[in-house]
Amino acid sequence: MSTVPTRVADAVKARAGGHCEIWLAGVCTTRVEHLHHRRLRSQGGRHTVENLAAICRACHDYAHNHPRKARECGWIVPSWSDPDTTPMVRRGLATLFLSDGRVHIQEEP
């Protein structure tokens with residue numbers, strides 16, 4: 001089992017600013033507790049800034065226990081999709097994760 005490179009983990013955590021990137025109402029504890037692979041490692045997911053989300057344990061459990069919702073929201077990306085170009089619903093907004101740790105919001109409220 002390989003570990004996430006420090007520079008990648010640091011960039012993902014900095015992007016999150018200490019708060020869960022899913023932030024699902026009624027579920028989220030708001031704290032960053034896990035680095036979640038959007039394309040699962042078992043399906044070829046890599047340790048990249050674009051493929052990782054900093055999330056709380058509760059949202060992590062929710063994403064894995066509700067795969068249909070997780071795919072719809074980009075929290076889990078199918079093996080045939082590219083996390084670099086697949087937006088994730090991040091705190092209610094469809095967002096692309098950029099390799100430099102920034103985000104590009106696809107939808108405004």
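**Close-up views of a predicted model**

The side chains of Arg57 and Asp61 form a salt bridge, with 3.3 Å from N to O; a salt bridge is a side-chain nitrogen of Lys or Arg within 4 Å of a carboxyl oxygen of Asp or Glu. This is a predicted model, in which local features need pLDDT of at least 70 and side-chain atom pairs count only at pLDDT 80 or more, while totals for chains, interfaces and linings use all residues. Residues are numbered from 1 along each chain as its sequence is written, and side-chain values use heavy atoms, with hydrogens and water left out.

**View A. The salt bridge of Arg57 and Asp61 in helix α2.** The two residues are 4 apart in α2 (residues 57-65), and therefore about one helical turn separates Arg57 from Asp61. Helices (H or I, at least four residues) and strands (E, at least two) are DSSP runs, numbered from the N terminus. Arg57 is partly exposed, at 44% relative accessible area, and Asp61 is likewise partly exposed, at 36%. Buried means under 20% relative accessible area, exposed over 50%, and partly exposed in between (1.4 Å probe, protein chains only).

**View B. Further salt bridges.** The whole structure holds 6 salt bridges. In helix α3 (residues 67-72), Glu72 and Arg68 lie 4 residues apart, about one turn of the helix, and their side chains meet at 3.9 Å, N to O. Glu72 is exposed, with a relative accessible area of 57%, and Arg68 is exposed, with 63%. Another salt bridge joins the side chains of Arg31 and Glu33 at 3.5 Å, N to O. Arg31 is partly exposed at 47% relative accessibility, and Glu33 is partly exposed at 37%.

**View C. The buried face of helix α1.** Val8, Ala9, Val12, Arg15 and Ala16 are the buried residues of α1 (residues 6-16). Seen down the helix axis, they fall within an arc of 130 degrees, so they line one face of α1; the arc is that of the directions from the helix axis to the C-beta atoms. Thr6, Arg7 and Ala14, on the other side of α1, are exposed. The cover over the buried residues includes β1 (34-37), β2 (52-55), β3 (88-90), β4 (93-97) and β5 (103-105). Gly17, with a positive phi near 60 degrees, follows α1.

**View D. The surroundings of Arg15.** Arg15, Glu21 and Arg90 are linked in a network of salt bridges. Arg15 also lies over the face of Phe97, 3.5 Å from the ring centre; a charge sits over a ring if NZ of Lys or CZ of Arg is within 6 Å of the ring centre and within 35 degrees of the ring normal.

**View E. The aromatic pair.** A search of the whole structure finds 1 aromatic pair. Tyr62 and Trp75 form this edge-to-face pair, with 6.4 Å centre to centre and 75 degrees between the planes. Rings of Phe, Tyr and Trp (its six-membered ring) pair if their centres lie within 6.5 Å; planes under 30 degrees apart count as stacked, over 60 as edge-to-face and the rest as tilted. The pair links distant parts of the chain, with Tyr62 in helix α2 and Trp75 in the loop between α3 and β3, 13 residues apart. Tyr62 is partly exposed, at 22% relative accessible area, whereas Trp75 is buried, at 3%.

**View F. Asn51 in the loop between β1 and β2.** Asn51 is buried, with a relative accessible area of 1%. Leaving aside neighbours within four places in sequence, Asn51 is in contact (heavy atoms within 4.5 Å) with His36, His37, Arg38, Arg39, Gly45, Arg46 and Pro83.
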